[in-house]
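Reader: I have a structure to go through with you. Could we take it piece by piece?
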Amino acid sequence: MDGVGWSEVPADEVTSTAARVLERGDVILFPELRFPVDAAESLLFTPAILGSSKNASYDPATRRLGGTTATGRDAEMLRAFIHRFSESAAALVARVFPDYAGRIARGRASFRPAEIAGRQSSWRKDDTRLHVDSFPATPSGGRRILRVFSNVNPAGQPRAWRLGDDFDAVARRFAPQLRVPPPGVGHLLALLRVTRTPRSAYDAQMLQLHDRMKADEEFQKGSPQSRVDLPAGSTWMAFTDHVSHAATSGQYQLEQTLLLPVDAMLDPDRSPLRILERIKGRRLV
Ligand code: SIN
Ligand code: FE
């Protein structure tokens with residue numbers, strides 16, 4: 001979608017189609033929506049601020065930073081940088097999706113200064129493998145995961161993604177392997193503080209789906225997929241709990257996570273929750 005700015009009201013053709021195509025499983029790319037970086041902030045553009053973490057995270061509700069070794073003035077600059085993106089991303093989502101007005105909650109944001117290609121990680125954490133997003137410690141309870149990304153690479157390097165098959169097809173392929181945990185397990189996990197809130201049967205299934213997708217070499221190589229280069233200076237968004245995605249290369253990206261209740265969708269039947277419920281023939285939250 002062209003001609004969308006950080007603070008102007010988007011054209012009618014944007015607001016009338018954005019929610020529909022997003023719910024269908026598309027990625028919406030704003031090819032020229034560059035997130036502005038201040039000259040002084042360039043000192044944050046190094047993987048050295050991460051220590052052993054994958055990303056530096058920021059919780060807009062508490063203003064707390066995570067995953068960084070930055071301290072003192074550098075930490076304040078990092079906080080202000082991600083905070084500015086978090087505010088911009090939330091304002092953009094509010095303007096582009098008037099249909100979701102008042103129903104979207106803002107989750108965490110992150111800054112990702114590490115090069116993805118060649119990074120060592122366990123298969124479960126390896127985002128170069130196709131997957132759908134699901135959070136082990138913060139169950140969504142069925143809510144949709146809407147993410148906004150900006151490629152802020154200063155050298156003009158794109159972020160390369162792979163996009164995979166329809167959620168329906170992926171869910172049907174893996175459904176026989178997805179187990180519904182015994183009653184009580186979800187609450188026990190919260191009691192033991194493994195999760196922040198009880199893990200629903202839906203969240204348990206989505207975590208297994210994430211893992212089964214990443215672990216299946218034949219699926220990774222042989223399933224329908226296409227490569228997209230997301231240009232430096234662009235912004236894009238997707239329901240990443242629905243869109244099969246993998247990030248194969250790129251460095252320096254900002255991300256904001258937002259959560260949307262299923263009943264706030266134009267068509268709740270397209271949610272992963274309802275799709276999995278149809279396949280499993282039972283309620284999952
Ligand atoms: C992911 O959500 O899997 C990673 C996206 C990215 O860092 O480009
Ligand atoms: Fe992901």
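Reader: Which residues are buried in helix 1?
Author: In this predicted model, the buried residues of helix 1 are Val14, Thr15, Ala18, Ala19, Val21, Leu22 and Glu23.

Reader: And what do the buried residues of helix 1 pack against?
Author: Their partners are strand 1 (28-30), helix 2 (72-96), strand 5 (144-151) and strand 8 (235-239).

Reader: Where is the kink in helix 1 centred?
Author: The kink is centred on Ala18 and amounts to about 35°. Ala18 is also one of the buried residues. From first C-alpha to last, the 13 residues of helix 1 (12-24) reach 19 Å, close to the 18 Å expected. Just after the helix, Gly25 adopts a positive phi of about 105°.

Reader: Turning to the metal, which protein donors does the iron ion (ligand 2) have?
Author: The iron ion has His131 (NE2), Asp133 (OD) and His245 (NE2) as protein donors, at 2.1 to 2.2 Å. Their spacing in sequence is H-x1-D-x111-H. His131 belongs to the loop between strand 4 (105-112) and strand 5, and His245 to strand 9 (residues 245-249), so the two tie together parts that are 114 residues apart in sequence.

Reader: Are His131 and His245 buried or exposed?
Author: Both His131 and His245 are buried.

Reader: Another topic: at what angle do helix 5 and helix 7 pack?
Author: Helix 5 (residues 201-215) and helix 7 (residues 272-280) pack at about 90°, their axes being 11 Å apart. Helix 5 is therefore roughly perpendicular to helix 7.

Reader: Which residues make that contact?
Author: Helix 5 contributes Tyr202, Gln205 and Met206, while helix 7 contributes Pro272, Leu273, Leu276 and Lys280.

Key: Residues numbered from 1 in each chain as written. Chains lettered and ligands numbered in written order. Predicted model: local features only at pLDDT ≥ 70, side-chain atom pairs only at ≥ 80, totals over all residues. Heavy atoms only, no water. Helix = DSSP H or I, 4+ residues; strand = E, 2+ residues; numbered from the N terminus. Expected span 1.5 Å × (residues − 1). Bend = angle between axes of the 7 residues up to and from the residue. Buried < 20%, exposed > 50% of the residue type's maximum accessible area, 1.4 Å probe, protein only. Contact = heavy atoms within 4.5 Å. Donors = N, O, S within 2.8 Å, 3.2 Å for Na, K, Ca; no water. Axes fitted to C-alpha atoms, helices over the stretch in contact; angles between N-to-C directions. Parallel < 35°, antiparallel > 145°, perpendicular 65-115°, else oblique.
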